[in-house]
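Dear colleague,

Please find the structure below, followed by an account of what was found in it.

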Amino acid sequence: MLIGEVARRSGVSARMLRHYESLGLVRPSGRTGSGYREYSGEDVRRIFHIESLRAVGLSLREIGRALDDPGFAPADLVDDLIRRTRERIAAETELLIRLDRVHATDPAGWEDVLQVLALLRALGSTSAGTRQRAALASVDEVPVEALAQAALGEGDPYVAGALRWALSRSGGGAALLAEGLGSPVAAVRERAVRALAEMPGREAATLLREALVSPDAVVRGRVALTLGARGEAAAIPVLVDMIVAGSNDTDAADALSVLAGDDTAADRIASLLVGRIGDGTTGQPARGRLTQALAGIPGSTASRALADLVGDADRAVALTAAYLLRLRGDG
(Lines give C-alpha, C1' and ligand atoms only; values in the text may rest on other atoms or scores of the structure.)
Protein backbone atom coordinates (compact mmCIF):
# COMPACT_ATOMS: atom_id res chain seq x y z
CA MET A 1 0.00 0.00 0.00
CA LEU A 2 1.10 3.52 -0.75
CA ILE A 3 1.14 6.20 1.92
CA GLY A 4 -2.17 7.74 0.80
CA GLU A 5 -4.05 4.46 1.13
CA VAL A 6 -2.43 3.75 4.51
CA ALA A 7 -3.49 7.18 5.70
CA ARG A 8 -7.09 6.54 4.62
CA ARG A 9 -7.24 3.09 6.26
CA SER A 10 -5.49 3.98 9.49
CA GLY A 11 -6.81 7.48 10.03
CA VAL A 12 -3.23 8.69 10.48
CA SER A 13 -2.33 11.59 8.23
CA ALA A 14 0.40 11.22 5.62
CA ARG A 15 2.29 14.01 7.37
CA MET A 16 2.21 12.10 10.69
CA LEU A 17 3.29 8.89 8.95
CA ARG A 18 6.32 10.72 7.58
CA HIS A 19 7.02 12.04 11.08
CA TYR A 20 6.88 8.48 12.44
CA GLU A 21 9.33 7.43 9.74
CA SER A 22 11.72 10.28 10.57
CA LEU A 23 11.75 9.07 14.19
CA GLY A 24 12.34 5.47 13.16
CA LEU A 25 8.99 4.28 14.52
CA VAL A 26 7.79 3.03 11.12
CA ARG A 27 9.96 1.91 8.26
CA PRO A 28 8.11 1.18 5.01
CA SER A 29 9.07 -2.26 3.84
CA GLY A 30 9.81 -1.17 0.31
CA ARG A 31 9.65 1.37 -2.47
CA THR A 32 7.90 1.31 -5.79
CA GLY A 33 9.78 1.64 -9.03
CA SER A 34 8.98 5.34 -8.92
CA GLY A 35 10.45 5.64 -5.40
CA TYR A 36 7.15 5.90 -3.48
CA ARG A 37 6.94 4.39 0.00
CA GLU A 38 5.22 1.04 0.09
CA TYR A 39 3.79 -0.32 3.33
CA SER A 40 3.22 -3.99 4.08
CA GLY A 41 0.45 -5.44 6.24
CA GLU A 42 2.96 -5.75 9.08
CA ASP A 43 3.81 -2.05 8.70
CA VAL A 44 0.14 -1.13 8.98
CA ARG A 45 -0.27 -3.31 12.10
CA ARG A 46 2.69 -1.47 13.65
CA ILE A 47 1.01 1.87 12.89
CA PHE A 48 -2.12 0.69 14.71
CA HIS A 49 0.05 -0.40 17.67
CA ILE A 50 1.63 3.05 17.77
CA GLU A 51 -1.77 4.75 17.77
CA SER A 52 -3.05 2.45 20.52
CA LEU A 53 -0.07 3.25 22.75
CA ARG A 54 -0.42 6.97 22.04
CA ALA A 55 -4.08 6.73 23.11
CA VAL A 56 -3.08 5.55 26.60
CA GLY A 57 -0.63 8.41 27.03
CA LEU A 58 2.77 7.06 25.98
CA SER A 59 5.16 9.49 24.34
CA LEU A 60 6.57 8.62 20.93
CA ARG A 61 9.94 7.94 22.54
CA GLU A 62 8.34 5.52 25.01
CA ILE A 63 6.44 3.86 22.17
CA GLY A 64 9.69 3.25 20.31
CA ARG A 65 11.17 1.54 23.37
CA ALA A 66 8.04 -0.50 23.95
CA LEU A 67 7.93 -1.82 20.39
CA ASP A 68 11.64 -2.36 19.70
CA ASP A 69 13.27 -3.36 22.99
CA PRO A 70 12.78 -7.13 23.56
CA GLY A 71 13.67 -6.73 27.24
CA PHE A 72 11.26 -3.88 27.82
CA ALA A 73 9.01 -4.49 30.85
CA PRO A 74 5.70 -2.60 30.53
CA ALA A 75 4.67 -2.78 34.21
CA ASP A 76 6.79 0.14 35.40
CA LEU A 77 5.71 2.31 32.48
CA VAL A 78 2.03 1.48 33.09
CA ASP A 79 2.48 2.40 36.75
CA ASP A 80 3.97 5.71 35.68
CA LEU A 81 1.09 6.29 33.28
CA ILE A 82 -1.39 5.65 36.07
CA ARG A 83 0.39 8.16 38.31
CA ARG A 84 0.52 10.81 35.59
CA THR A 85 -3.12 10.25 34.70
CA ARG A 86 -4.20 10.64 38.30
CA GLU A 87 -2.20 13.85 38.58
CA ARG A 88 -3.79 15.15 35.39
CA ILE A 89 -7.29 14.25 36.60
CA ALA A 90 -6.63 15.96 39.92
CA ALA A 91 -5.41 19.09 38.14
CA GLU A 92 -8.39 19.08 35.79
CA THR A 93 -10.78 18.53 38.68
CA GLU A 94 -9.25 21.44 40.56
CA LEU A 95 -9.61 23.61 37.48
CA LEU A 96 -13.24 22.56 37.06
CA ILE A 97 -13.99 23.40 40.68
CA ARG A 98 -12.32 26.78 40.29
CA LEU A 99 -14.29 27.53 37.12
CA ASP A 100 -17.54 26.50 38.81
CA ARG A 101 -16.78 28.87 41.64
CA VAL A 102 -16.04 31.72 39.30
CA HIS A 103 -19.27 31.00 37.43
CA ALA A 104 -21.24 30.98 40.70
CA THR A 105 -20.31 34.62 41.30
CA ASP A 106 -21.99 35.58 37.98
CA PRO A 107 -19.12 37.84 36.87
CA ALA A 108 -20.15 40.86 34.79
CA GLY A 109 -16.77 41.23 33.12
CA TRP A 110 -13.22 39.95 32.98
CA GLU A 111 -12.20 42.21 35.85
CA ASP A 112 -14.68 40.34 38.06
CA VAL A 113 -13.27 37.01 36.88
CA LEU A 114 -9.73 38.08 37.65
CA GLN A 115 -10.77 39.37 41.08
CA VAL A 116 -12.38 36.05 42.00
CA LEU A 117 -9.37 34.10 40.72
CA ALA A 118 -7.05 36.29 42.79
CA LEU A 119 -9.11 35.67 45.92
CA LEU A 120 -9.19 31.92 45.27
CA ARG A 121 -5.40 31.90 44.92
CA ALA A 122 -5.11 33.92 48.11
CA LEU A 123 -7.23 31.39 50.03
CA GLY A 124 -4.70 28.72 49.02
CA SER A 125 -1.65 30.84 49.85
CA THR A 126 1.09 29.56 52.14
CA SER A 127 0.87 32.89 54.00
CA ALA A 128 -1.63 32.90 56.88
CA GLY A 129 -1.98 36.66 56.59
CA THR A 130 -2.87 36.42 52.90
CA ARG A 131 -5.45 33.71 53.59
CA GLN A 132 -6.97 35.78 56.39
CA ARG A 133 -7.26 38.89 54.20
CA ALA A 134 -8.98 36.81 51.51
CA ALA A 135 -11.43 35.43 54.07
CA LEU A 136 -12.26 38.94 55.25
CA ALA A 137 -12.95 40.20 51.72
CA SER A 138 -16.48 40.94 50.63
CA VAL A 139 -18.69 37.86 50.91
CA ASP A 140 -20.05 38.61 47.45
CA GLU A 141 -16.55 38.27 46.00
CA VAL A 142 -15.56 34.94 47.55
CA PRO A 143 -17.61 31.89 46.48
CA VAL A 144 -19.16 30.21 49.51
CA GLU A 145 -17.93 26.80 48.31
CA ALA A 146 -14.36 28.07 48.46
CA LEU A 147 -14.90 29.46 51.96
CA ALA A 148 -16.32 26.14 53.19
CA GLN A 149 -13.46 24.11 51.69
CA ALA A 150 -10.91 26.51 53.15
CA ALA A 151 -12.58 26.40 56.59
CA LEU A 152 -12.43 22.60 56.66
CA GLY A 153 -8.75 22.59 55.79
CA GLU A 154 -7.50 25.58 57.79
CA GLY A 155 -5.16 24.84 60.69
CA ASP A 156 -4.31 28.41 61.74
CA PRO A 157 -6.78 29.46 64.48
CA TYR A 158 -6.91 33.12 63.43
CA VAL A 159 -7.50 32.35 59.77
CA ALA A 160 -10.03 29.67 60.73
CA GLY A 161 -11.93 32.22 62.81
CA ALA A 162 -12.01 34.65 59.89
CA LEU A 163 -13.30 31.91 57.58
CA ARG A 164 -16.06 30.92 60.03
CA TRP A 165 -17.05 34.57 60.34
CA ALA A 166 -17.22 34.90 56.56
CA LEU A 167 -19.32 31.76 56.27
CA SER A 168 -21.74 32.93 58.95
CA ARG A 169 -22.23 36.16 56.99
CA SER A 170 -22.63 34.37 53.68
CA GLY A 171 -25.82 32.59 54.72
CA GLY A 172 -24.72 29.44 52.86
CA GLY A 173 -22.29 26.58 52.94
CA ALA A 174 -23.96 24.55 55.70
CA ALA A 175 -24.44 21.47 53.52
CA LEU A 176 -20.82 21.64 52.37
CA LEU A 177 -19.63 21.84 55.97
CA ALA A 178 -21.83 18.89 56.87
CA GLU A 179 -19.86 16.77 54.40
CA GLY A 180 -16.82 17.48 56.58
CA LEU A 181 -18.55 15.73 59.49
CA GLY A 182 -17.97 12.44 57.68
CA SER A 183 -14.31 13.10 56.91
CA PRO A 184 -11.83 10.37 57.90
CA VAL A 185 -9.66 13.15 59.38
CA ALA A 186 -10.59 14.03 62.97
CA ALA A 187 -9.38 17.63 62.66
CA VAL A 188 -11.65 18.21 59.65
CA ARG A 189 -14.66 16.83 61.52
CA GLU A 190 -13.96 19.16 64.43
CA ARG A 191 -13.60 22.18 62.12
CA ALA A 192 -16.90 21.31 60.48
CA VAL A 193 -18.69 21.31 63.84
CA ARG A 194 -17.16 24.60 64.90
CA ALA A 195 -18.11 26.28 61.64
CA LEU A 196 -21.68 24.93 61.74
CA ALA A 197 -22.01 26.05 65.36
CA GLU A 198 -21.34 29.65 64.33
CA MET A 199 -23.74 29.64 61.41
CA PRO A 200 -27.22 31.08 61.87
CA GLY A 201 -30.32 29.58 60.34
CA ARG A 202 -32.47 26.48 60.45
CA GLU A 203 -30.33 24.40 58.08
CA ALA A 204 -27.22 24.58 60.25
CA ALA A 205 -29.24 23.83 63.39
CA THR A 206 -30.82 20.77 61.75
CA LEU A 207 -27.43 19.46 60.64
CA LEU A 208 -26.09 19.90 64.16
CA ARG A 209 -28.99 17.91 65.63
CA GLU A 210 -28.31 15.11 63.16
CA ALA A 211 -24.64 15.13 64.24
CA LEU A 212 -25.66 14.23 67.80
CA VAL A 213 -25.54 10.60 66.69
CA SER A 214 -22.13 10.90 65.04
CA PRO A 215 -19.81 7.95 65.74
CA ASP A 216 -17.13 10.50 66.69
CA ALA A 217 -17.38 11.30 70.40
CA VAL A 218 -15.60 14.63 69.93
CA VAL A 219 -18.13 15.69 67.29
CA ARG A 220 -21.05 14.59 69.49
CA GLY A 221 -19.61 16.49 72.43
CA ARG A 222 -19.05 19.76 70.58
CA VAL A 223 -22.50 19.57 69.03
CA ALA A 224 -24.13 18.83 72.39
CA LEU A 225 -22.42 21.79 74.06
CA THR A 226 -23.53 24.07 71.23
CA LEU A 227 -27.12 22.88 71.27
CA GLY A 228 -27.21 22.83 75.06
CA ALA A 229 -26.21 26.49 75.14
CA ARG A 230 -29.13 27.14 72.79
CA GLY A 231 -31.54 25.39 75.14
CA GLU A 232 -32.17 22.31 72.97
CA ALA A 233 -33.20 19.34 75.08
CA ALA A 234 -32.02 16.87 72.41
CA ALA A 235 -28.49 17.44 73.70
CA ILE A 236 -29.23 16.16 77.24
CA PRO A 237 -28.37 12.44 76.79
CA VAL A 238 -25.06 13.25 75.09
CA LEU A 239 -24.16 15.75 77.83
CA VAL A 240 -24.77 13.07 80.47
CA ASP A 241 -22.57 10.66 78.48
CA MET A 242 -19.83 13.29 78.46
CA ILE A 243 -19.92 13.53 82.25
CA VAL A 244 -19.65 9.76 82.54
CA ALA A 245 -16.74 9.69 80.10
CA GLY A 246 -15.00 12.64 81.76
CA SER A 247 -14.88 14.49 78.43
CA ASN A 248 -15.40 18.24 78.99
CA ASP A 249 -17.52 17.12 81.92
CA THR A 250 -17.50 20.53 83.63
CA ASP A 251 -18.79 22.24 80.49
CA ALA A 252 -21.36 19.47 80.05
CA ALA A 253 -22.60 19.92 83.63
CA ASP A 254 -22.88 23.68 83.07
CA ALA A 255 -24.91 23.07 79.92
CA LEU A 256 -27.24 20.72 81.81
CA SER A 257 -27.84 23.37 84.47
CA VAL A 258 -28.86 25.79 81.70
CA LEU A 259 -31.22 23.21 80.23
CA ALA A 260 -32.82 22.55 83.64
CA GLY A 261 -34.78 25.78 83.36
CA ASP A 262 -38.19 24.37 84.32
CA ASP A 263 -39.40 21.69 86.70
CA THR A 264 -40.05 19.11 84.00
CA ALA A 265 -36.62 19.48 82.43
CA ALA A 266 -34.89 19.58 85.85
CA ASP A 267 -36.59 16.36 86.95
CA ARG A 268 -35.73 14.62 83.68
CA ILE A 269 -32.06 15.60 83.88
CA ALA A 270 -31.81 14.65 87.55
CA SER A 271 -33.38 11.27 86.81
CA LEU A 272 -30.88 10.60 84.02
CA LEU A 273 -27.96 11.51 86.28
CA VAL A 274 -29.26 9.35 89.11
CA GLY A 275 -29.86 6.45 86.73
CA ARG A 276 -26.25 6.52 85.61
CA ILE A 277 -25.01 6.79 89.21
CA GLY A 278 -26.98 3.68 90.10
CA ASP A 279 -25.88 1.79 87.00
CA GLY A 280 -23.68 -1.04 88.15
CA THR A 281 -21.34 -0.52 85.19
CA THR A 282 -20.50 3.09 86.09
CA GLY A 283 -17.09 3.38 87.74
CA GLN A 284 -16.21 5.36 90.85
CA PRO A 285 -14.73 8.47 89.16
CA ALA A 286 -17.77 8.77 86.89
CA ARG A 287 -20.19 8.37 89.83
CA GLY A 288 -18.39 11.24 91.54
CA ARG A 289 -18.72 13.48 88.47
CA LEU A 290 -22.39 12.63 88.10
CA THR A 291 -22.99 13.49 91.77
CA GLN A 292 -21.26 16.83 91.32
CA ALA A 293 -23.42 17.54 88.26
CA LEU A 294 -26.53 17.27 90.43
CA ALA A 295 -25.41 20.49 92.12
CA GLY A 296 -26.56 22.57 89.17
CA ILE A 297 -29.95 20.89 88.83
CA PRO A 298 -32.77 22.51 90.81
CA GLY A 299 -35.85 20.74 92.08
CA SER A 300 -36.93 18.02 94.44
CA THR A 301 -35.73 15.09 92.34
CA ALA A 302 -32.12 16.25 92.54
CA SER A 303 -32.46 17.01 96.26
CA ARG A 304 -33.87 13.56 97.04
CA ALA A 305 -31.14 11.93 95.01
CA LEU A 306 -28.44 13.79 96.94
CA ALA A 307 -30.09 12.84 100.25
CA ASP A 308 -30.02 9.18 99.24
CA LEU A 309 -26.38 9.43 98.16
CA VAL A 310 -25.33 10.66 101.60
CA GLY A 311 -25.48 7.01 102.63
CA ASP A 312 -23.63 5.72 99.56
CA ALA A 313 -21.01 3.04 100.12
CA ASP A 314 -18.51 5.14 98.20
CA ARG A 315 -17.26 7.62 100.80
CA ALA A 316 -16.21 10.22 98.20
CA VAL A 317 -19.70 10.19 96.67
CA ALA A 318 -21.34 10.35 100.11
CA LEU A 319 -19.23 13.32 101.24
CA THR A 320 -19.86 15.15 97.97
CA ALA A 321 -23.62 14.60 98.29
CA ALA A 322 -23.63 15.85 101.89
CA TYR A 323 -21.68 18.96 100.94
CA LEU A 324 -24.01 19.74 98.04
CA LEU A 325 -27.07 19.31 100.23
CA ARG A 326 -25.71 21.88 102.67
CA LEU A 327 -25.09 24.29 99.79
CA ARG A 328 -28.67 23.83 98.64
CA GLY A 329 -29.93 24.39 102.18
CA ASP A 330 -31.35 20.87 102.28
CA GLY A 331 -28.78 19.35 104.60
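The axes of helix α7 (residues 128-135) and helix α9 (residues 157-170) cross at roughly 10 degrees and come within 9 Å; axes are lines fitted to C-alpha atoms over the stretch in contact, and angles run from 0 to 180 degrees between N-to-C directions. Helices are DSSP runs (H or I, at least four residues) numbered from the N terminus. The two helices, α7 and α9, are therefore roughly parallel, a term for angles under 35 degrees.

This is a predicted model, in which local features need pLDDT of at least 70 and side-chain atom pairs count only at pLDDT 80 or more, while totals for chains, interfaces and linings use all residues. Residues are numbered from 1 along each chain as its sequence is written, and side-chain values use heavy atoms, with hydrogens and water left out.

In α7, A128, R131, Q132 and A135 meet Y158, V159, A162, L163, W165 and A166 of α9, where contact means heavy atoms within 4.5 Å.

Helix α8 (residues 144-153) also packs with α9, at an angle of about 145 degrees and with the axes 9 Å apart. The contact involves V144, L147, A148, A150 and A151 from α8, and L163, A166, L167 and S170 from α9.

Which residues line the largest cavity? They are A151, A160, R164, R191 and A195; lining residues have an atom within 4 Å of a point of the cavity, which is a set of points on a 1 Å grid over the protein atoms alone where a 1.4 Å probe fits but cannot get out. Helices α9 and α11 (186-197) each supply at least two residues of this lining.

Yours sincerely

Technical notes
Parallel < 35°, antiparallel > 145°, perpendicular 65-115°, else oblique. 1 Å grid on protein atoms, 1.4 Å probe; cavity = no way out; pocket = protein on both sides within 12 Å on 5 of 7 lines; lining within 4 Å.
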